[in-house]
Amino acid sequence: MVDAVVSYVVNKIGDYLIQEAARFQGVKKEVESLRNELEWMQSFLKDAERKQVDNDVIRKWVSDIRDVAYDIEDVLDTFALKIDEEETPNIVQIKEETPNIVQINQVEIPKGMRRISASIKKFSSIFSKDSGHKTPNHKDSSSHTESSSHTESSNHTESSFFSKGEKVVNQRNMGKKIEEIRQKLGDISRKREQYRLEDIGNKGEGKDNALYRLKELRRATSFVVDDHFVGFEDDAEKLLAKLLDKEQPRRGVISIFGMGGLGKTTLAKKLYHNNDIKNKFHDRAWVSVSQDYKTEDILRRIIKSSHIVLEREDEESSRSKKKMSAEEWELEKQKIKERQFKELEKMSQEDLERYLQKYLTGRSYLLVIDDVWHKEAWESFKRAFPDNNNGSRVIITTRIREVAERSDEKVHVHELRFLNPSESWKLFCDKAFQTSNADEGLKKLGREMVEKCRGLPLAIVVLGGLLSTKKPQEWRKVHHHIWQHLRDDSIQISFLLALSFNDLSYELKLSFLYLSLFPEDFEIHVEKLIRLLMAEGFIQEKEGQIMEEVAESHLKQLINRSLVQIEKRCWGRIATCRVHDLLRDLAIQKAKESNFAYYYDATIHSTPPPVILSCRRQAVYSEVDRHLWFQHYNQLSRSFLFFNQKWDESLKLTQHLPPLFTRFRLLRVLDVEGSQSKNIVPQSKRSLPKEIGKLIHLKYLGLRNAYIYHFPSSFVNLKRLQTLDIYGVEWILHELPIDICKLQELKHLIGNFRGSLPVDNLTKLQTLKYINIQCWSKINPEKLGYLRELRIESDLALSKEFDLEPIGKLKSLQILSITLLSDQSFASWQALAHCTCLVDLRLSGKIEKLPKNMEELLPNLECLKLSGTILKDDPMALLENLPNLMILVLNFVSCNEKKMICSANGFPRLEILQFDFYALEEWQVHEDSMPMLRGLKIPEISKLRIPERLRSIPPPAEWECEDGSVPINNSSYFQP
């Protein structure tokens, strides 16, 4: 994990040198030298992390590098903070009188010499030796720093003079700090040489090494069969039919894909040992590949596994067999085996391939390649396996979707499901109650623990085995700390899951660890996650892709590697995801090892432990109920994520916001996952404290359901802000600062906006929702060239039709949703032809007729939802020609036409169709229409006549094509 931290800091240094070049001009060489030193360290880190399992010295060396990397990040961010303060003279001042009272003061303008003295003291405090790892006394240090900084000069000349003086002091202090860090890096390099760390690691690679033992434990063999095979009977039946299919004589590849511990290898073994399989194939072989493999080694193990060598006895051996007794022949066979195995070791890869090719020609075979991590693995030796046109088969098991799908030109991918509740319980009972019957109390505890395993066989098997050795009174202890007990009881669980983590790139490691911040069993909103990852600095732009697309790609890679599960899909996109609790537990362990994050829950911890002093990200799972809770946290924290908070009079957090804004000056992320409350905070207390202006590093601010009424003018200090999410259920935000147009980095603006919204100059804005029509009418869309998602809602009657002409100027628009009152209509749709990127269109209002040229207007449209009262004509004749349409929802009370027709070749890509024409009597669908349809929801009208083939099509998955409030984590504010 430290390699990910170091790589992240190296990239951050590069970003600072490019984006903040002018500010870092005086210390550019020193900063570049730090980057070079870290890059040298990187070359040793990956190998060192792999070897630290066995060696405390290496483990300490790795942790020292991590700490130095964090020190460098602190120096850079603090330096940038002080420069920003010099350039932002209107930052409000805080003076803390007592722990319970926060007072806003206007500091008197000091004289010049006092300003220099205060500046020197300020920088001495900021760059104190242990600032990155120890929390200073809050009253003595924090309040002193705040009261002696950020003052304004009485005239421009004095301000300019002392500004230059401050920069000199700042650069000198930074230079000293960098020199200290370079000395630490030098010490780390010397220790590597002094203790010969490379040699220590190399000596540990033998059979006594823990890593080697774990790998051997993981390597599956064909002759070990699990008698407790529960579930997957339907999967086995389908795959067995594929393996035995006589209609497919060409060599075929079947990929079994799924999360680690799901049972891929167990299922493959069941197929391998099936009697029908044994009778069909002349030869069977099993080989485990894993992450590090050599093709020659794989070929040798295949030959040994299939006993090919022993079956090719020469004539002399056959004659010897006739002259020997059974015992003598067994000894002779062993000698032949040893001799031939020695010959195998001498053969090159090419010789081995020829050997197999020659032997298998004309024979049918089944080859199982278990635990494949790279799509090139099968490709590297498949030329040794001829396609004899006799039904030979290859089974590949993998955790990675890309490997499953791209291993061969002709591949059948089978994604393995999780066990259902009844299968999970049966598997658990087979393991836990082998020798005794359980009472109702144990069964209740058992069911609760099995439910937490969420259908993962490995977790259920280990849990059952563990509890089978426990006394009934000990079950509750396991119940309270289930994942800790499973880790302690089975080293295989930690190692098996860690394999997936260790195989990730550093960017994916950071993204995966970030998922651990969300609570257990939490449904994660994907759009929010993407914006959080961007704000953390974990996402780097790539050529041809914006950061949001790169972050989405990272998430999809984690999904395809079976580390993240898709929870809900809405409108063709992944809306929410989830992490299995075992994987979340792995992420938490890795995060704690690297001081990446700390997790606080008042129901578990009475007092935050000292470890959080060095953690960079804090997740708080319980309501904040004490005023000085934040004094336990690292002042250099970068992120605070609060969950399960209530924005009402009982929420103590509203008292803590000013000191939070003052104390944690380097925050990049502040998100409060608030829930809707009946006891809404009075309007007089709905203002965001003006101390928010101190968080000039802030990139993400989420205050959902906070019912914020007013934003202070200091809010415009947040010049790095990328996301502002202040959406609230049934809530209207009345005002944002008029100078919000100065927040040039703002990309995502989400709330309930009315009145004036000066966003015309926000040229990077990509998301704007939810805005009323009057507010939209005052915005000039010509400068919003990067806007990708726009949602407009009407709450007042319009004097004329809604004009779509301004929207036609949004060239990058991809998602458009406009909701009018039922008697309000749209003007001409022709302007939408200019929105060539539009893929998702949802219009609600008075829609009586559709444009005649729909396929010309919206050729790239994938999702379409239209809502209204009465549609005059059959819409299908116009909509069926949309070439890319995948989801169509028509929510109309009625249609004047009693008969609806879908003609041949219509809707070539349509997957989901939903309509509400209650007066419809007949629906004719040509057999060549809608060939891809998989979800159909229509009104239950007894007189409606529809084609028979459509009756068997199930309705779409829940929330797959729904708008409005979608439940997520027992709340209802999630908007797809």
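## Salt bridges across the model

The structure holds 61 salt bridges, a salt bridge being a side-chain nitrogen of Lys or Arg within 4 Å of a carboxyl oxygen of Asp or Glu. This is a predicted model, in which local features need pLDDT of at least 70 and side-chain atom pairs count only at pLDDT 80 or more, while totals for chains, interfaces and linings use all residues. Residues are numbered from 1 along each chain as its sequence is written, and side-chain values use heavy atoms, with hydrogens and water left out.

Glu345 is partly exposed, with a relative accessible area of 46%, whereas Arg300 is buried at 10%, where buried means under 20% relative accessible area, exposed over 50%, and partly exposed in between (1.4 Å probe, protein chains only).

## Two further pairs and a network

The side chains of Arg401 and Glu415 also meet in a salt bridge, at 3.0 Å from N to O. This pair links distant parts of the chain, with Arg401 in helix H18 (residues 401–406) and Glu415 in strand E7 (residues 411–415), 14 residues apart. Arg401 is partly exposed, with a relative accessible area of 21%, and Glu415 is partly exposed as well, with a value of 47%.

Between Glu745 and Lys764 there is a salt bridge whose closest N and O atoms are 3.0 Å apart. Glu745 lies in the loop between strand E16 (723–725) and strand E17 (748–753), and Lys764 in the loop between E17 and strand E18 (767–772), so the pair ties together parts that are 19 residues apart in sequence. Glu745 counts as partly exposed at 29% relative accessibility, and Lys764 is partly exposed with a relative accessible area of 34%. Elsewhere, a network of salt bridges links Lys12, Glu73, Asp74, Asp77, Arg616, Arg638 and Arg668.

## The overall fold

The protein has 33 helices and 29 strands, and of its 976 residues 55% count as buried. Among contacts with a separation of 6 or more, 66% are accounted for by residues 24 or more positions apart, contact meaning heavy atoms within 4.5 Å. The accessible surface of the protein comes to about 43900 Å², of which 48% belongs to carbon and sulfur atoms; accessible areas come from the Shrake-Rupley method with a 1.4 Å probe, and for residues only the protein chains shown count as cover.

## The nonpolar cores

A nonpolar core is a set of buried Ala, Val, Leu, Ile, Met, Phe, Trp, Tyr and Cys residues joined through side-chain atoms within 4.5 Å. The largest of these has 137 residues, and within it Phe428, Phe512, Tyr514 and Phe596 touch the most other members. Helix H3 (residues 56–87) gives the most to this core, with 13 residues.

Leaving aside neighbours within four places in sequence, Phe596 is in contact with Met1, Tyr70, Leu510, Leu513, Tyr514, Phe538, Ala591, Arg616 and Arg617. A second, separate core of 99 residues includes Phe642, Leu667, Leu718 and Leu743.

## Helices and their cover

Helix H19 (residues 421–432) has 12 residues and reaches 16 Å from its first C-alpha to its last, close to the 16 Å expected at 1.5 Å a residue, the expected span being 1.5 Å times one less than the number of residues. Its buried residues are Glu423, Ser424, Trp425, Leu427, Phe428, Lys431 and Ala432, and what covers them includes helix H9 (233–244), helix H20 (440–453), helix H21 (457–467) and helix H22 (475–480).

Helix H10 (residues 264–272) is mostly covered, with 7 of its 9 residues buried, among them Lys264, Leu267 and Tyr272. In helix H17 (residues 376–381) lies Ser380, which counts as buried at 18% relative accessibility. Apart from its neighbours within four places in sequence, Ser380 is in contact with Tyr293, Thr295, Gln349 and Glu353.

Conventions:
Helices (H or I, at least four residues) and strands (E, at least two) are DSSP runs, numbered from the N terminus.
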